[in-house]
Amino acid sequence: MIMKSLRDALSHHMEPWQRAFVLLRIAETYLLLNERETANELVLKAIVEARIGEESDDIQSSLDASSVLAEIAEFVASMKGVNEGIALAESVRNPGKRDSALHRIRKMGR
């Protein structure tokens, strides 16, 4: 029931990066509620949306999607470990967003 409501709320009227952002925020909430499996499912969906957004012909949308994917990588690092976060951060299309995320994630591992 919750997932159906979520799908309805994340309509196609939003840009992919916006859906990724919302999914990430919801995943963070589920993690706080100790619902790791649901949080992980939502993060995986957020990653897909962010990657779709990075492929946008609109430069700003693509940049926004890279920003969200970088943020997701940091969340993944905190949830699953630094190595998984780094692996995801390395896939961020925008070099500046990628490098910033890698720097922050590597600092987590210290």
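Helix axes are lines fitted to C-alpha atoms over the stretch in contact, and the angle between two axes, taken between N-to-C directions, runs from 0 to 180 degrees. Helices themselves are DSSP runs (H or I, at least four residues) numbered from the N terminus. The structure is a predicted model, in which local features need pLDDT of at least 70, side-chain atom pairs count only at pLDDT 80 or more, and totals for chains, interfaces and linings use all residues. Residues are numbered from 1 along each chain as its sequence is written, and side-chain values use heavy atoms, with hydrogens and water left out.

The axes of H3 and H4 cross at roughly 155° and come within 8 Å. H3 and H4 are therefore roughly antiparallel to each other, a term for angles over 145 degrees. Contact (heavy atoms within 4.5 Å) joins residues of H3, including Val-43, Ile-47 and Ala-50, to residues of H4, among them Leu-69, Ile-72 and Phe-75. This contact of H3 with H4 has eleven nonpolar, five polar and four charged residues; Ala, Val, Leu, Ile, Met, Phe, Trp, Tyr, Cys and Pro count as nonpolar, Asp, Glu, Lys and Arg as charged, and the others, Gly among them, as polar.

H3 (residues 36-54) also packs with H2 (residues 16-32), at an angle of about 165° and with the axes 8 Å apart. H2 and H3 are therefore roughly antiparallel as well. The residues of their contact divide into 15 nonpolar, two polar and four charged.

Within H4 (residues 59-80) lies Glu-74. Glu-74 is buried, with a relative accessible area of 18%, where buried means under 20% (1.4 Å probe, protein chains only). Leaving aside neighbours within four places in sequence, Glu-74 is in contact with Ala-101, Arg-104, Ile-105 and Met-108.

How values were computed. Helices (H or I, at least four residues) and strands (E, at least two) are DSSP runs, numbered from the N terminus. Angles under 35 degrees count as roughly parallel, over 145 as roughly antiparallel, 65 to 115 as roughly perpendicular and the rest as oblique. Buried means under 20% relative accessible area, exposed over 50%, partly exposed in between (1.4 Å probe, protein chains only).
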